[in-house]
Amino acid sequence: MAVELYKRKNDEVLVWKAEDIAKLKHSYRIVGKLIGSHHKFPRQNQLMTRPMLLSPFETTLLLEKGFASLHEEDVSSETISSEQLAERQKVYTENFSRSLQEQVNTLCVSQQ
């Protein structure tokens, strides 16, 4: 299964899923740069977490080799309805909760 890459409107490419980050590091030896802050310690820069920022070179290599798929961020300027906003908020909350649970699971496994 291909790693999912997400291109932002400023051309930065991010990797959000923990399993994708692990696959990049262990299988493809892609280092990237973790740019997220830990939810319990947001005002520090020693322990960084997801997402992972990829360089243009890393992104190009992964796409050319077929190891990744690129998803464009929707940057349309049109207004959205309240139903669409509610759906986006629901998806965001679900993804955020899943991300936090993955981090907790990773920490629990590493402490055993």
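Which residues does glutamate 102 touch, not counting residues up to four places away in sequence? I started my notebook there. This is a predicted model, and I read everything below with that in mind.

**Entry 1: glutamate 102**

I looked up the contacts and got Ala18, Glu19 and Arg50, leaving out residues up to four places away in sequence. Glutamate 102 sits in helix α3, which covers residues 82-111. Is glutamate 102 buried or exposed? Its relative accessible area is 19%, and because the cut-off for buried is under 20%, I have to log glutamate 102 as buried.

**Entry 2: the overall layout**

Next I backed out to the whole chain. I find three helices and five strands, and their order along the sequence reads β-β-α-β-β-α-β-α. The chain has 112 residues, of which 21% count as buried.

**Entry 3: the core**

Which residues make up the largest nonpolar core? My list has eleven: Val3, Leu5, Val13, Val15, Ile21, Leu24, Ile30, Met52, Leu54, Leu62 and Ala68. Sorting them by element, I see that β1 (3-7), β2 (13-15), α1 (18-27) and β4 (48-54) each give two or more residues to this core. As background, nonpolar side chains tend to be buried together in soluble globular proteins.

Skipping neighbours within four places in sequence, leucine 24 is in contact with Val3, Val15, Arg29, Ile30, Met52, Leu54 and Leu62.

**Entry 4: aromatic pairs**

How many aromatic pairs does the structure hold? I get two.

Tyrosine 28 and phenylalanine 67 form a stacked pair, at 4.3 Å centre to centre with 10 degrees between the planes. This pair links distant parts of the chain, 39 residues apart: tyrosine 28 is in the loop between α1 and β3 (33-37), and phenylalanine 67 is in the loop between α2 (56-64) and β5 (68-72). Tyrosine 28 comes out partly exposed at 24% relative accessibility. Phenylalanine 67 is also partly exposed, at 30%.

Tyrosine 92 and phenylalanine 96 form a stacked pair too, with 6.0 Å between centres and 15 degrees between planes. Both residues lie in helix α3, four residues apart, about one turn of the helix. Tyrosine 92 is exposed, with a relative accessible area of 57%, while phenylalanine 96 is partly exposed at 40%.

Note on methods. Residues numbered from 1 in each chain as written. Predicted model: local features only at pLDDT ≥ 70, side-chain atom pairs only at ≥ 80, totals over all residues. Heavy atoms only, no water. Core = buried A, V, L, I, M, F, W, Y, C linked by side-chain atoms within 4.5 Å. Buried < 20%, exposed > 50% of the residue type's maximum accessible area, 1.4 Å probe, protein only. Contact = heavy atoms within 4.5 Å. Phe/Tyr/Trp six-rings, centres within 6.5 Å; stacked < 30°, edge-to-face > 60°.
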